[in-house]
Amino acid sequence: AIYNDFADSVTAQYRLARESGNKTLVAYEGGQHLGGQGPRPGGGRMEDDLDYQELMIAANRDPRMHNLYQAMFKLWGEITEGTGTFAHFSFIGQPSKWGSWGVKESYYHNDTVQDSPKWMSVKGIADYCG
C-alpha cells in the first residue's frame, strides 16, 4: 500500500510539473515519515505513547529500511525519468517522539546497513550518481 501510494503521488506530481511548462520535480524534505502525532485511540496522544515511539524508532533502525529506501529512490528515478531532485530532510538526528528524521543518528555510527540503513541507501545513490 505504501509503495503504491508513493508511486501514485509522485506520478501525479511529475505529470503536473511537466504540464506546467516542463518543470523539474523536487522532493523537499523527502524520506520516510513514520511518526505519530495527534489523538490516540482510547485517549491520550500518539507522541506520548512510549510503546508506539519504540516501534517507530525500531522500524527506522531496521536493516529492511535500507531496502525500502532503495525501492523509493528507484521508483523516484523511474517516474521522474532521472530528472527529479530528491532532497532528504535531515542528515544527522537523534530519534524522538516527533520522529526519526536523520539518515544517521550520529556522525560516529558505523557505515553498515545494520547500523545506518537509511544512510547506506542514501550514500549508495550518491556514490552511484557521482
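The model is a predicted one.

N22 is worth a look for its backbone. Most residues other than glycine have a negative phi. N22 is not a glycine, yet its phi is positive, at about 60°. Is N22 buried or exposed? N22 is exposed, because its relative accessible area is 55% and the cut-off for exposed is over 50%.

E81 makes a second case. E81 has a positive phi of about 55°, and E81 is not a glycine either. Look for E81 in the loop between α3 and β2. E81 has a relative accessible area of 58%, so E81 counts as exposed.

Now move from the loops to a helix. H66 lies in α3. H66 is buried, because its relative accessible area is 11% and buried means under 20%. Which residues does H66 touch, leaving aside its neighbours within four places in sequence? H66 is in contact with V113, P117, M120 and S121.

Part of that contact belongs to a helix pair. H66 is one of the α3 residues that meet α4. From α3, the residues are M65, H66, Y69, Q70 and F73. From α4, the partners are P117, K118, M120, S121, V122 and I125. By class, this contact of α3 with α4 has 7 nonpolar, 3 polar and 1 charged residues. The two helix axes come within 7 Å and cross at roughly 35°. The crossing of α3 and α4 is right-handed.

Next, the empty space. Rolling a probe the size of a water molecule over the atoms shows where such space is left. Begin with the pockets, which are open sets of points.

The largest pocket has a volume of about 450 Å³. Its lining has 15 residues, and I2, F6, Q32, L68 and M72 are the closest to its centre. Two elements give two or more residues to this lining: α1, which covers 2–19, and α3, which covers 64–79. Which element gives the largest share? The answer is α3, with 6 residues. The lining of the largest pocket divides into 10 nonpolar, 4 polar and 1 charged residues.

The second largest pocket holds about 330 Å³ of space. It is lined by 15 residues, of which F73, W76, F86, I125 and C129 are the closest to its centre.

Cavities come next. In a cavity, the probe fits but cannot get out. How many cavities of 30 Å³ or more does the structure hold? It holds 2.

The largest cavity has about 100 Å³ of space. Its lining has 14 residues, and N60, R61, G102, E105 and K118 lie nearest its centre. The elements that give two or more residues to the lining of the largest cavity are α2 (50–61), β4 (102–104) and α4. The most comes from β4, with 3 residues. By class, this lining has 3 nonpolar, 6 polar and 5 charged residues.

The second largest cavity has a volume of about 70 Å³. It too has a lining of 14 residues. Nearest its centre lie G35, Q53, M56, S96 and K97. The lining of the second largest cavity divides into 6 nonpolar, 6 polar and 2 charged residues.

H66 is buried, with a relative accessible area of 11%. F73 is among the residues closest to the centre of the second largest pocket.

Technical notes: Residues numbered from 1 in each chain as written. Predicted model: local features only at pLDDT ≥ 70, side-chain atom pairs only at ≥ 80, totals over all residues. Heavy atoms only, no water. 1 Å grid on protein atoms, 1.4 Å probe; cavity = no way out; pocket = protein on both sides within 12 Å on 5 of 7 lines; lining within 4 Å. Points joined across faces, edges and corners; volume = space filled by probe spheres on them. Helix = DSSP H or I, 4+ residues; strand = E, 2+ residues; numbered from the N terminus. Nonpolar A, V, L, I, M, F, W, Y, C, P; charged D, E, K, R; others polar. Axes fitted to C-alpha atoms, helices over the stretch in contact; angles between N-to-C directions. Left-handed = near helix turned anticlockwise from the far one by under 90°. Contact = heavy atoms within 4.5 Å. Buried < 20%, exposed > 50% of the residue type's maximum accessible area, 1.4 Å probe, protein only.
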